[in-house]
Amino acid sequence: MTAAMPTIALVGNPNAGKSSLFNALTGARQKIANYPGVTVERKAGHASFADGRPLSLIDLPGSYSLTPSSPDEQVTRDVILGKQAGEALPDALIVVVDAANLDNHLCFALELIALGRPTVVALNMLDLATRDGLTLDVEALSRELGVPVVPTVAVRRRGLVDLLSAVDGALLSHGESGAERGGVAAQEGDIHRRARVIARAATVAERPVRRWTQRVDAIALHPVAGFLILLALMFIMFQAVYAWSEAPIGWIEGAIATMQEMVIGAMPDSFLRGLIVEGILGGVGSVIVFLPQILILFLFILLLEASGYMTRAAFLMDGIMARVGLSGRGFIPLLSSFACAVPGIMATRAIPDAKDRLTTILIAPLMTCSARLPVYTLIIGAFIPNRNVGNSPVGLQGLVLFGLYVSGIVGALVVALVLRRTLAKGSSASFMMEMPRYQWPRLRDVLISLWQRAWIFLRRAGTIIFVTTIALWLLLSYPKLPDGSSESQVDYSVAGRIASGLEVVVRPIGFNHDIALALIPAMAAREVAVSAMATANAIDAGDDEEALAQTLGERLQGRWSLATALAFLAWFVFAPQCISTIAITRRETNGWKWPLFMVGYLFALAYAAAGITYWTAVAFGLG
Amino acid sequence: MNDSLDSAALGLPVRISHIAWDHLSPGEGRRLREFGLMEGVEVTPLHRGSLFSRDPLALAVGRMKVVIRAAQAAKIEVEAAVAAA
């Protein structure tokens, strides 16, 4: 009955340490994709039994019961019952329970055991339970539950071999007897009572300890101090994105320049050389330099999440979120939207209320994602003087950047307020969540997630950005400017002519030909705006060595007014310049209505913001 | 003396005497039970709100800490519990 390679599903309550166990069992041999038709992440990986036979593991979203209240939990139920499209009924279940929280976690475990599938219980985080003064009788627990129970400490890789051999045993004995357990009452109240009785039977000693987490929370969740700590953490995070990335960005720039020189030295001047040097290395390179900043931002978010602080942040933010009709739940997706709106929008699946979720999705693109950083950094570097404000230690460039972030956040709150009173009207959102214990983030788990994010970014740079860069380079290079013409190659090209058409629409808000040219390819991904300008610039410079030696920023300084530069920044605070975000919104809202609405309102906001910025700046004599 | 959970003092354990299940949405009711919040259970309100609001409320339920809003806590009636050590 078991296939050559059995599939084992990892299932359990949120905060049971399931993902750590999954990481410990599979290591680098794991893949993340989406379930067909829904955007819930499908995490699967390979492991092997002690004798080397392979097995396939799937990590299911944390759930409290088989009665789903969010899309994530729906998938968990469907996979376990074999109803999920594209996923076979798992051969066995590993139920992960938190040893320190048996009362609650055993409810779901009992519900799963009652299904009669081959099941093993992983009694996880036993070390933390012991630290908290709990002594458990594993054998008694196993006897009561009627399935093997294996103590594990996922983060220390303890108990993994025993766990897999217990799974092997469960698969074998189930195959022989075909036994269907049953008889466990499925009534909700009964399950809770039984869970409590079993938890009590398995608990040998319970020494009430005054946990240090209580003391930490007294500060971290303090109405005033807690809020200031949250602000300070956010400030350090955004500061680090800049301070720590300076050196690595320099290395990447150096490496790209070296490669360009090598190609120029090795190849005669030709079509292919131009494509490689200007199109591929120049275009894709100008985006890859931002990898360090994106990784630092994700590192902070992952650390906050793994340590258990993120839920505290949600608690602190709930008051503000409630003002605009959202819940603290929305804070986590919105914060991760600062890295990228795509995973942010996907993370809204944990929000149970439909209207709350829809509103959160629609405002997620207003959080300043990392793809805007290339644009912001370029323009700020070129146009905002690198000096301090007055005699303070606050840098003017940093202040402008902070202002851009704040504009996005304020814009999002206003939009949420309006939406919750009009299109997404409904009862006020509820906010119910479990607060995980504090934990030291495990290096291994953080590195695995970080690597996955880096890979997604590089793949994006390697596909969408690569293709648009090459397409743009071709459109900019043809038709060739006739010899002796006084026009520039960029203006004469196909792309230049399209940009001239668009320029008519964006001229009132201060945009010039350079910007019109960059806006269209930047629909694919915002950071393409930078590579587009870099490519156009390189083609424009042609063989002019002096022009080639200038950086893109230096070139723009000579061509744009400050008012235009500021309007361009304001545009990127709001504009929906990202195909992936539109696509994910379509999938998450199941249709075109909401993504089209989102694109429409964001463009309107962007146009208005850029216009107001431009006109104000011109009025102050900056035009 | 019965009181609703949203006005209970912080730091003192209380016992849930009654939950107005009919006044909660089915989803809210289920989530409360999944958190182990049921009649007869002892809980301790721990933290309330932040700078801008007295909402939400963090509770200790057994060895678990959960967050609910005052609107739900108002549907939960509690009585003083004999303080555990």
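How much area do chain A and chain B bury between them? In this predicted model, the answer is about 3300 Å², with 55% of it on carbon and sulfur atoms.

**View 1. The interface between chain A and chain B.** The area buried between chain A and chain B amounts to about 3300 Å². Tyr64(A), Phe315(A) and Met432(A) together supply 20% of the area that chain A buries against chain B, more than any other three residues. Contact involves 44 residues of chain A and 30 residues of chain B.

**View 2. Polar and charged links across the interface.** Between chain A and chain B, 10 residue pairs are in polar contact, both members being at pLDDT 80 or more. The count of salt bridges between chain A and chain B is 3. A salt bridge joins Asp318(A) to Arg69(B), with 2.7 Å between the closest N and O atoms.

**View 3. The elements of chain A that touch chain B.** At least two residues each of the side of chain A that touches chain B are supplied by helix H7 (188-202), helix H8 (212-220), helix H13 (309-323) and strand S10 (433-435) of chain A. H13(A) provides the largest share of this side, 8 residues. By residue class, the side of chain A that touches chain B comprises 19 nonpolar, 12 polar and 13 charged residues.

**View 4. Strand pairing between the chains.** S10(A) pairs with strand S5 (residues 64-68) of chain B in the antiparallel sense, over 3 bridges. Glu434(A) has Val66(B) as its bridge partner in S5(B).

Terms used: Residues numbered from 1 in each chain as written. Chains lettered and ligands numbered in written order. Predicted model: local features only at pLDDT ≥ 70, side-chain atom pairs only at ≥ 80, totals over all residues. Heavy atoms only, no water. Contact = heavy atoms within 4.5 Å. Buried area = accessible area lost by both parts, 1.4 Å probe. Salt bridge = Lys/Arg side-chain N within 4 Å of Asp/Glu carboxyl O. Polar contact = N/O pair within 3.5 Å; in protein donor to acceptor, adjacent residues only side chain to side chain. Helix = DSSP H or I, 4+ residues; strand = E, 2+ residues; numbered from the N terminus. Nonpolar A, V, L, I, M, F, W, Y, C, P; charged D, E, K, R; others polar. Pairing = 2+ DSSP bridges.
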